[in-house]
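Please examine the structure shown below together with its sequence.

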Amino acid sequence: EPRPAGDAAPPWTRFELDGETFRSLAGCHAGGKLDPGTGRLLDALARADAVEAASTVLDLGCGWGAIAHFAARRGAHVHAVDDDLAAVRSCQENVPGARVRHLDGVAGLDPDERYDRVLVNPPFHVGRAVRTELGRALLRAAHAVTAPDGELWWVANRDLRYERLPELAGAEQVADEGGFRVSCWRPRSVR
């Protein structure tokens with residue numbers, strides 16, 4: 001909504017999650033809270049102990065940094081990217097040890113680099129409309145940068161069947177709760 005002149009929104013929002021304080025810039029997706037889908041993904045990753053110390057992790061579409069923060073706390077080498085500058089700056093603030101970049105998907109990453117874990121909560125809304133093209137493109141890009149012995153984890157509304165993408169054949173459904181499905185694809189599962 002437009003604001004009257006002189007009634008500017010504060011640029012940073014402070015919020016707490018699990019006893020830690022975070023900040024996000026105005027306009028950052030899910031700024032000031034934990035997105036429910038991201039929460040489901042983080043729960044599944046924690047239950048599976050899926051992020052190991054010293055592993056390389058790519059948080060694709062990092063938002064304010066919830067997933068990147070989770071991986072960094074486990075000792076992973078975190079790379080985080082987002083095409084939204086407010087998200088990039090918020091993630092830099094919340095995960096200072098991560099390599100955070102303003103990129104469109106994986107364009108601009110080293111084309112030969114592969115990650116032990118690629119973690120994605122792909123967007124599927126444009127305004128109020130459900131649009132799956134961007135989510136499909138992000139998951140295809142994520143597939144391409146997953147190490148041969150790595151894993152690609154994603155969360156999506158349970159009605160969005162991204163695991164049907166040919167690139168993700170053999171994906172395992174890890175959790176299905178609260179309207180969200182968490183899935184994991186391993187390149188070795190299709191050998």
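The buried residues of helix H2 are Ala-66, Ile-67, Ala-68, His-69, Phe-70 and Ala-71; buried means a relative accessible area under 20%, exposed over 50%, and partly exposed in between, using a 1.4 Å probe and protein chains only. Because 6 of the 8 residues of H2 (residues 66-73) are buried, this helix is largely enclosed by the rest of the structure. Helices (H or I, at least four residues) and strands (E, at least two) are DSSP runs, numbered from the N terminus. This is a predicted model, in which local features need pLDDT of at least 70, side-chain atom pairs count only at pLDDT 80 or more, and totals for chains, interfaces and linings use all residues. Residues are numbered from 1 along each chain as its sequence is written, and side-chain values use heavy atoms, with hydrogens and water left out.

What covers the buried residues of H2? The cover includes strands S2 (20-25), S3 (56-60), S4 (77-82) and S6 (115-120), as well as helices H1 (36-48) and H3 (85-94). Leaving aside neighbours within four places in sequence, His-69 is in contact (heavy atoms within 4.5 Å) with Glu-20, Phe-22, Asn-94 and Val-95. After H2 comes Gly-75, with a positive phi near 90°.

We turn now to the pockets. A pocket is found on a 1 Å grid over the protein atoms alone, as an open set of points where a 1.4 Å probe fits, with protein on both sides within 12 Å along at least five of seven lines; lining residues have an atom within 4 Å of a point. The volume, meaning the space filled by probe spheres set on points joined across faces, edges and corners, is about 620 Å³ for the largest pocket. Of its 31 lining residues, His-29, Gly-61, Asp-82, Asn-121 and Pro-123 are the closest to the centre. H2 supplies at least two residues of this lining, as do H1, S3, S4 and helix H4 (133-144).

The second largest pocket has a volume of about 300 Å³. Among the 15 residues lining the second largest pocket, Asp-18, Leu-42, Ala-66, His-69 and Phe-70 are the closest to its centre. S2, H1 and H2 each give two or more residues to that lining.

Finally, consider Thr-146 in strand S9 (residues 146-157). Thr-146 is buried because its relative accessible area is 6%.
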